[in-house]
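Have a look at it first, and then we'll go through a few of its details.

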Amino acid sequence: MTRLLTLLAVLFISFPILAQVAGKVTDTSGEPLIGVSVLEKGTSNGVMTDVDGAFKIKVPANAILVLNYTGYSSLEIPVNGQTVVNITLEEDIKNLEQVVVVGYGTQKKKDLTTAVVVVGEKDIRDRPMVSAAEALQGKAAGVQVVQPSGKPGNDIAVRVRGATSVIAGNEPLYVVDGVPTTDIRGLNPTDIESMSVLKDASSSAIYGARAANGVVLITTKRGKEGSSTIRFSAYTGFSNIRKTVETLTTKQYRTLLEELSPGSWDQTWTGYTNWQDESFGIGKNQSVQLAFAGGNDKTRYMLSTNYLNNEGIVKPARFDRYSVRLNLDNQATSWLKVGTSINVLRSRTKDTPDNASSGRGGVIMSALNTPPFLNTYKSDGSGQYATNPFQPSWENPIAYMFGPDQQTTDTRIFGNFQAEAQVFDGFSVKTNVGADMNAHQWDYYLDPFRTNFGRNQNGLGQADKANSSIWLWENTANYRTSFGRNNLSFLAGSSIQKSTWSNSFISGNDFPSDVSVKTLNAANSVSASTDLQEWSLASFFGRVQYDFDSRYLFTATLRRDGSSKLAHHWGTMPSFSAGWRISSEPFMQGLDFINDMKIRAGWGKNGNQEGISNYARYGLISYYRRAATNPLSGPAAVQTTYGNPDLRWETTTQSNIGIDLSMWNGRVVFVADAYLKQTDDVLLNVQLSNSLPISTIQTNAGAIENRGLDFSLATVNTVKKLKWQTEFNISFNRNKVTRLDYTNVYYFGRIYSNNQDVAIVKEGLPLGTFFGYISEGVNPETGDLDFKDVNGNGILDPGDRTIIGDGNPDFTFGLTNSFSWKRFDLNFFFQGSYGNDVYNATRIDLEGMFDSKNQSTAVLRRWTTDNRNTDIPRAVGNGNVDNVRNSSRFVEDGSYVRLKAITLTYNLNPKWLGKSGISKLSVYTTGQNLLTLTNYSGFDPEVNAFGLSATELGVDYGTYPQARTLTFGINAEF
């Protein structure tokens, strides 16, 4: 009996008595919080609060409860033998303890000594987006985001503190869950937890030769311990064009044509087609997502599936994406953690040709320039598209849109596996193996019957296939220690990366007219080419961080990169930064309204190997086969570039000074930064003698400077029943070319309609400067434009060209106001740009009156002998482009303020959901681009016909316009 009592006593001591603890979790206004995670600390024992905010959990009397809820500060509550524990959670408005992702690690936001801005999940939620880069627009100070085109799936230009290169890349490096990439179009924005933008060199130097244009660290959502949730979200929406350009009616067009070419009008041309009505339609967008997330103390998971469809306002443009993401984390042993992130996606894109004249396949220009009397199809019932009687090769816009059968398909696998071992307390080692594999295919077929071009070619088929693979292997060692009030950490690592890209292209024409075979094996005349390219990068890096009592902070990094692209393979990139928390000093203790005040300064160097040809240092030879009719038929070769044994990557040195200020218990947060970026060894294609077979050579031949200011302000205005928060940011950047070697000036931006360049790169000027003649108005005697004689030689010649505009803004800004009242949430997001010019090259073809193209109604006030005092010159015809030289006539103010997004959300009362299993349910409607305030006369001021180019900014040349969109969505959590 004694032994039995002893055994029972041991069991009683070893297994503590579990008591049921009940309680309710509310916010500061007393409203219950549904779905709060209540977890016993150090275990997997946890529950979620119900529709009344109530919970019940069995725990030992000495347990500690850990509460987590999105948007609220985490809280730990000792049970201390209590059976009823009611808890109030406060909204997380201080953010000082927030952990942000930095290069190869994390750091408390309050201890940052560098310029880092974070865009969180709340900035993405309920805002339909195709590309994750859209989330940065107007949300991150110092980051300028431009959508050059409204075409679905199109690239987005992102500039972190200005452009640094002429011919190399200017986009930031993206690092998704530890894997670097330059393309995030396939990433589902709904999967993103946060985006950290490393703006200055001291924060991004850890990424070395790929970080001159900034780094965006993207962290995707992962499962959380003690919870298991199913999330479903879906939306559908419709879009249309914001405005149209008024063009001539058939009667007005006839009057103009008779003026250009008397007697050329055919009396049978009596109809009227509004080609803009025919071309611009209603776009559609939709998305469906289902995600599973959860875990315990050993394993956490997140699995998401998504389908997205975006159909443009000008057919056939559309973008479809199917994606699956799996994130797994496992505590394999007490000392080993493993995890993986895998993203599999497939996208299909249909294109609508734009940024081209109506004579070269541009749909937008064709919708404006096609004669208004023309029908879509021939009247003979053949199904052929109607032919332009003045120029048969100028198809109507419907023929350009639906004549060819074309599609691009991309299949991509992107992800990594990582393992981290805790060798001993404070010291860990980590390995990360990543891969980015993509299979690309583009197919094009133009039948030999319906279009004029198709008939001339007897059908045309093309196919382009490319496969790429990028492999990454990184190893890091991290040591952290503390002694007294001193905290010290060391990071050392290595990285190797290799890319292989192969491509095959085949083109054929002369298809059989009596069969409907679209494959290239049916073509009678076929040509083909193949390509194979590789590059690799090897790196070694280290970082040391020190702080004393979180008051004095210091960070230093060093990275050494070796790139296969350049003749001088290796480069070293150091950085230093320091911070001083003034608010921790004794002399600040009386200022109770200041919670945190820190000044910081940093300096560092970065490189830029992006956008550089993989074999730029070599003299390249192109192989081809001579035509069979050539007496020397057979294989041949020709040199296409000169090699440069002294080629180096561009190096950017940046200095930054900033201040972080948090006041009134975090209700006012202010951040300001000033920076200076200087880029040396800028790559340029330097002009050589025209007598040489190759007239340029790529070399380091210039320098560029960016200097600017970033400001952001976040305020919590009210916290009672009506909650109101405001976020504002504004950025100023001044770009300048400070040095050009060998060649004094470079020209870019050729406009097809007048065969002239509109952009210039010259010492002392910013990239994106417009260059041309200064228009002095219409001469009332001649009806032609007068241009300023800049060089004073008495004649008009190319020497009279000068600076006529600047595509860079004086500043960009974003303003967000968020309101919450009862179960309603309302969010206004304004975004804008001020001081940037737009070169409206579309007007060259709309106001030139030099051929038979239809014109805008602006030409109704053209010069005639009865209307001499006007701003529109005379109709000239005969291809005379003297009045449409690149000039100040076509430069317009591109400033705008846009209601980028407005969202109204209603969160249903969980009590109404009963026992449906749904814990949260909300419905919302979002309007995007509903209001745009601008003086620009074109479709939209946010435009660039030259895409991501940094030298040609703000050029509108029949560019696919932005659309207004209204979306309806639902979010549910089970």
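Strand 40 (residues 769-772) and strand 43 run antiparallel and are joined by 4 bridges. Strands here are DSSP runs (E, at least two residues), numbered from the N terminus, and two of them pair if DSSP finds at least two bridges between them. Across from Phe 770 you'll find Gly 805 in strand 43.

This is a predicted model, where local features need pLDDT of at least 70 and side-chain atom pairs count only at pLDDT 80 or more, while totals for chains, interfaces and linings use all residues. Residues are numbered from 1 along each chain as its sequence is written, and side-chain values use heavy atoms, leaving out hydrogens and water.

Zoom out a bit: 4 strands make an open, antiparallel sheet in the order 38-39-40-43. Which strands stand at the edges? They are strand 38 (745-751) and strand 43 (802-806), each with a single partner strand, so one side of each has no neighbour in the sheet.

Now for the rings. The whole structure holds 34 aromatic pairs (Phe, Tyr or Trp rings, the last by its six-membered ring, with centres within 6.5 Å; planes under 30 degrees apart count as stacked, over 60 as edge-to-face, the rest as tilted). Here are two stacked ones:

| Pair | Centre to centre | Angle between planes |
|---|---|---|
| Tyr 377 and Tyr 385 | 5.0 Å | 20 degrees |
| Phe 670 and Phe 711 | 6.4 Å | 25 degrees |

Phe 670 sits in strand 33 (residues 668-680) and Phe 711 in strand 36 (residues 702-719), so their pair ties together parts 41 residues apart in sequence. Ring pairs also link Phe 670 and Phe 711 into a cluster with Phe 732, Phe 811, Phe 813 and Tyr 834.
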